[in-house]
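Subject: Handover of a structure, with findings

Dear colleague,

Please find below the structure I am passing on to you.

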Amino acid sequence: MTGPTPDLRPERAFERPAGWALDYRDKRFRAGSGLRTDRRERKALLALLHRTGAGEGPWLDVPCGAGRMSDLLPGPVVAVDFAEEMLRAIPSPRGPRIRATAFELPFCDASFEGVLCHRLLHHVPRAADRVRILAELRRVSSGPVIVSFFHSVSLQHARRTLARKLRGKRRSSRGGVTLTTFLRDLREAGLEFVAARPLLPFVSEQWLVLARRAKVG
């Protein structure tokens with residue numbers, strides 16, 4: 001994979017207010033629809049982890065955010081995020097916290113028993129960039145790779161797209177693709193599809209996908 005690394009740093013998009021990472025950690029998924037989303041995400045991730053048969057780590061969580069999903073991963077967890085504020089907001093780290101981008105992970109090949117990449121790829125509109133990230137995840141994992149994406153064929157995605165048009169909003173930073181497109185991205189990155197879990201079939205746009213290194217030959 002070659003080419004310039006897209007600049008997905010949050011500070012390039014807009015200025016973050018003071019304390020934004022703590023607000024995200026303490027409020028975003030602890031009330032209302034966020035609380036329901038949290039429950040469904042955890043249920044989906046646990047179901048896929050159960051299928052992996054992976055041992056007790058180490059695991060990589062990238063981007064880790066404030067570590068909300070890290071708690072579900074077995075064994076020690078290396079937390080990686082580009083935002084230093086998020087890394088500092090992790091309440092109980094179970095391993096090193098490292099500032100890095102998913103496009104260029106500072107680890108040797110097969111460094112981890114498994115990798116989780118949650119709530120990132122729906123912010124990556126170009127297929128070539130998604131493939132670059134997926135290839136990096138495959139490179140550093142000796143076992144399963146669990147990733148999330150937004151499915152464009154869903155009620156939630158249709159409602160959000162329609163609302164944006166009716167209100168005259170600019171294009172959202174969140175985008176969706178079909179499952180067929182995402183499976184193609186996996187194949188191009190050298191990954192093999194194993195299983196998928198939608199948060200809420202046909203309604204929620206978020207899916208979690210379990211993949212593994214594709215067999216050669």
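Please note that this is a predicted model. I begin with the second largest pocket, to which helix 3 (32–52) and helix 6 (155–166) each contribute at least two lining residues. Helix 3 provides the largest share of that lining, namely five residues. In total, 19 residues line the pocket, and those nearest its centre are Ser-33, Thr-37, Gln-156, Ser-204 and Glu-205. Sorted by class, the lining comprises eight charged, six polar and five nonpolar residues. The space within the second largest pocket is about 500 Å³.

I turn next to the nonpolar interior. In soluble globular proteins, nonpolar side chains tend to be buried together. In this model the largest nonpolar core contains 33 residues, and Leu-60, Leu-137 and Val-147 have the most contacts inside it. Two or more residues of this core come from each of strand 2 (77–81), strand 4 (114–117), helix 5 (127–140), strand 5 (145–150), helix 7 (179–188) and strand 7 (206–213). The greatest contribution to this core is that of helix 5, with six residues. Leaving aside residues up to four places away in sequence, Leu-60 is in contact with Val-78, Val-80, Leu-105, Phe-107, Phe-112, Gly-114, Val-115, Leu-116 and Val-140.

Finally, the salt bridges, of which the count is 13. Three of them may be of interest to you:

- Arg-130 pairs with Asp-185, with the closest N and O atoms 2.7 Å apart.
- Glu-136 counts as buried because its relative accessible area is 11%, the cut-off being under 20%.
- Asp-129 pairs with Arg-126, the closest N and O atoms lying 3.0 Å apart. Asp-129 is buried, at a relative accessible area of 6%, whereas Arg-126 is partly exposed, at 48%.

A colleague

Notes:
Residues are numbered from 1 along each chain as its sequence is written. This is a predicted model: local features need pLDDT of at least 70, side-chain atom pairs count only at pLDDT 80 or more; totals for chains, interfaces and linings use all residues. Side-chain values use heavy atoms; hydrogens and water are left out. On a 1 Å grid over the protein atoms alone, a cavity is a set of points where a 1.4 Å probe fits but cannot get out, and a pocket is an open set with protein on both sides within 12 Å along at least five of seven lines; lining residues have an atom within 4 Å of a point. Grid points are joined across faces, edges and corners, and a volume is the space filled by probe spheres set on the points. Helices (H or I, at least four residues) and strands (E, at least two) are DSSP runs, numbered from the N terminus. Ala, Val, Leu, Ile, Met, Phe, Trp, Tyr, Cys and Pro count as nonpolar, Asp, Glu, Lys and Arg as charged, and the others, Gly among them, as polar. A nonpolar core is a set of buried Ala, Val, Leu, Ile, Met, Phe, Trp, Tyr and Cys residues joined through side-chain atoms within 4.5 Å. Buried means under 20% relative accessible area, exposed over 50%, partly exposed in between (1.4 Å probe, protein chains only). Contact means heavy atoms within 4.5 Å. A salt bridge is a side-chain nitrogen of Lys or Arg within 4 Å of a carboxyl oxygen of Asp or Glu.
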